[in-house]
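Reader: I would like a close look at one part of this model. Keep it brisk, and tie it to the rest of the structure.

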Amino acid sequence: MRAVLKEIRKHFKIYAMLVRMNIMSQMEYRANFVTGMMMEIGYLIVKILYVVVAYRAGRSIAGFTPDEVIVFVGTYVLLTGFYAGVFMMNLFQLPGLIQDGSFDMLMTKPVSLQFLATFRRSDIGIFLIDVTAGIILVSLGLSRLGSSAGLPRVLGYAFFVASGAAVGYALYLIPQSLVFRLLNTASIAELTDSFWDFNNVPMIVYGKVGKFIGVFVIPMFVITSFPALFALGRMSVLYAIWGIIAPVLFLTLARVCWKAGLRHYTSASG
Amino acid sequence: MSDVIAKYGRCFGVGLRNSFAYRINFAFSFLAALSPVVIQTALWTNLYKPGSADLLFGFNYVQMIAYTVIANLVSRLVRTGFEYEMNTDIRTGGLDRFLVKPIGYFGFRMSVFLGAKAAQTVLTGMVLAAAVAVMTAFLGFPLHGAAVATFAGSILVALMLNFLIFWCVGCVGFWLTEIGFLFEAVRIIIITASGGIFPLSVFGDLGERILDALPFRFTIQFPTEILCGRIPVHEAASGFALAGAWIAALALLDRFLWNRGVRRFAAVGS
């Protein structure tokens, strides 16, 4: 147990160093940093458009009022910070690392290869914009609903956000582990990336079958709808239990897929 | 004259062949386009009252679903990408090859763009025909031959306008050495202002009036509304006239920006 904790601590320290290096490298190319933030603000406007539609239509969506929809969209924006700012770019850059032989270098490092390959890069600008905007939107929605943000609610919400981020990481790593066989997964990346937007509206809109698939088969809705449901006090016991099990289950599955994929790796530089 | 046609005809052929080289990617981009259609269809289905002649943002249910499907396809079709190549040519000095050759860079890029779009238009047309057939069979979507012919004309205008708009955007490369994600940020804003995400009426009366006065709506909303039957064929003429005026104005702006930009261009070491 002590060895595991030591290993986790070591990886956290390394991650902090990687984040610092990424910030330094982003500051070197400031125009890229600024335009990257502009791009994320553009995407943010599109996400907020869904709230605008809900308000201007003046109707509830599948039983959720426009104020409740803000909480869903806010949570989606917040978790997009983790998706776009923390792991997405790493997963989408995997084919490049394999094709140019840089993956060999990562293999020689005395840390977990999966950790290094999938958390190497981060974008603090995108992360901060989305997380800040997400928190503002969720707080706005809850305050308009007259809900008080007590400590248990905040902690529970934070737990389901962490659970959603873990499920999101696992769900996007699983298809990308095909990269060791296919070498080029750009099309898969584009396709799976478009699935992220399914969380832009509450999962209830997709009907019973869509909801079941999105919660239990490909648990996209665990990522952002679960924290929102908890914050709104509308989460069922079944969902709460699944929200605890799903990250463990899918992280394990992602680990298995990664290891299975890695067996097919052949060095491009060898 | 025949030399000019032969010269740019060859460039058109280059674009056509390039689009076949990346046909799998284009096919996948269609699959990726399904996500926003599914998301927005689910949203609108929940917002409209079932079985009523309900109007939201000036659209009935069938018109709104048709708008969602057609606008997403049109948005894929008119999408550019040459601005990145233009920027690379400016940044790396590769543009000097074109300045000394008996070929205009504007004509070259436009011929390649139209060549690539020729093949994509055929594929989009087939997908669109299938989608319209499904909507006609299941939703009672009304389709008229005159609307189809006018829609085809409006797509040509949309391609021309989008090319001119993104040529202006590409010219920014003469002034900024680091473009980063600027093009992507601009693209998102332009798609939103074109009605590519939601109809412009969701922005309210004032927002819609302002966006109506800009050229962007002619790239997505105008063709989509023609095919949806929201702009009657006999009323489309004024829209075409306004779009024609914008094409002339943007062509002048493009020429101005290009002439000013080329004066700043330095192909050091190329």
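Reader: How many residues does the contact take from chain A, and how many from chain B? Please go from there to helix 8 of chain B and what packs against its buried residues.

Author: The model is predicted, so local features need pLDDT of at least 70 and side-chain atom pairs count only at pLDDT 80 or more, while totals for chains, interfaces and linings use all residues. Residues are numbered from 1 along each chain as written, with chains lettered from A and ligands numbered from 1 in written order.

Chain A gives 30 residues to the contact and chain B gives 28 (contact: C-beta atoms, placed from the backbone, within 7 Å). On the side of chain A that touches chain B, helix 2 (30–57) and helix 9 (186–195) of chain A each supply at least two residues. Helix 2 of chain A gives the most, with 15 residues. Helices here are DSSP runs of H or I, at least four residues long, and strands are runs of E, at least two, numbered from the N terminus.

Now chain B. It has eleven helices and zero strands. Along the sequence the pattern is α-α-α-α-α-α-α-α-α-α-α. Its C-alpha atoms fill a box of roughly 70 × 35 × 35 Å along the principal axes. Of the 270 residues in chain B, 39% are buried (20 or more other C-beta atoms, placed from the backbone, within 10 Å; exposed is 12 or fewer, partly exposed in between). Among contacts in chain B with a separation of 6 or more, 79% join residues 24 or more positions apart.

Helix 8 of chain B is the part to look at. It covers residues 182–193, twelve in number. From first C-alpha to last it reaches 17 Å, close to the 16 Å expected (1.5 Å times one less than the residue count). Helix 8 of chain B is mostly covered, with ten of its twelve residues buried. Start with B:Leu182, B:Phe183, B:Ala185, B:Val186 and B:Arg187, which are among the buried residues. B:Ile188, B:Ile190, B:Ile191, B:Thr192 and B:Ala193 are buried as well.

What do they pack against? Just after helix 8 of chain B, B:Gly195 takes a positive phi of about 85 degrees.

Follow the chain one step on, to B:Gly196. Its C-alpha atom is 6.4 Å from that of B:Asn72, 124 residues away along the chain. B:Asn72 counts as buried because it has 22 C-beta neighbours inside 10 Å. Beyond its neighbours within four places in sequence, B:Asn72 is in contact with B:Ala33, B:Pro36 and B:Val37.

For comparison, take helix 6 of chain B, residues 105–139. It has a kink of about 25 degrees centred on B:Gln120 (the angle between axes fitted to the seven residues ending there and the seven starting there). B:Gln120 is buried, and the buried residues of helix 6 also include B:Arg109, B:Phe113, B:Ala116, B:Lys117 and B:Leu128. Just after this helix, B:Gly140 takes a positive phi of about 70 degrees.

The C-alpha atoms of B:Arg17 and B:Ala116 are separated by 7.4 Å, though 99 residues apart along the chain. B:Arg17 sits in helix 1 (residues 2–21) of chain B. With 13 other C-beta atoms within 10 Å, B:Arg17 is partly exposed.

Methods:
Two residues are in contact if their C-beta atoms, placed from the backbone, lie within 7 Å.
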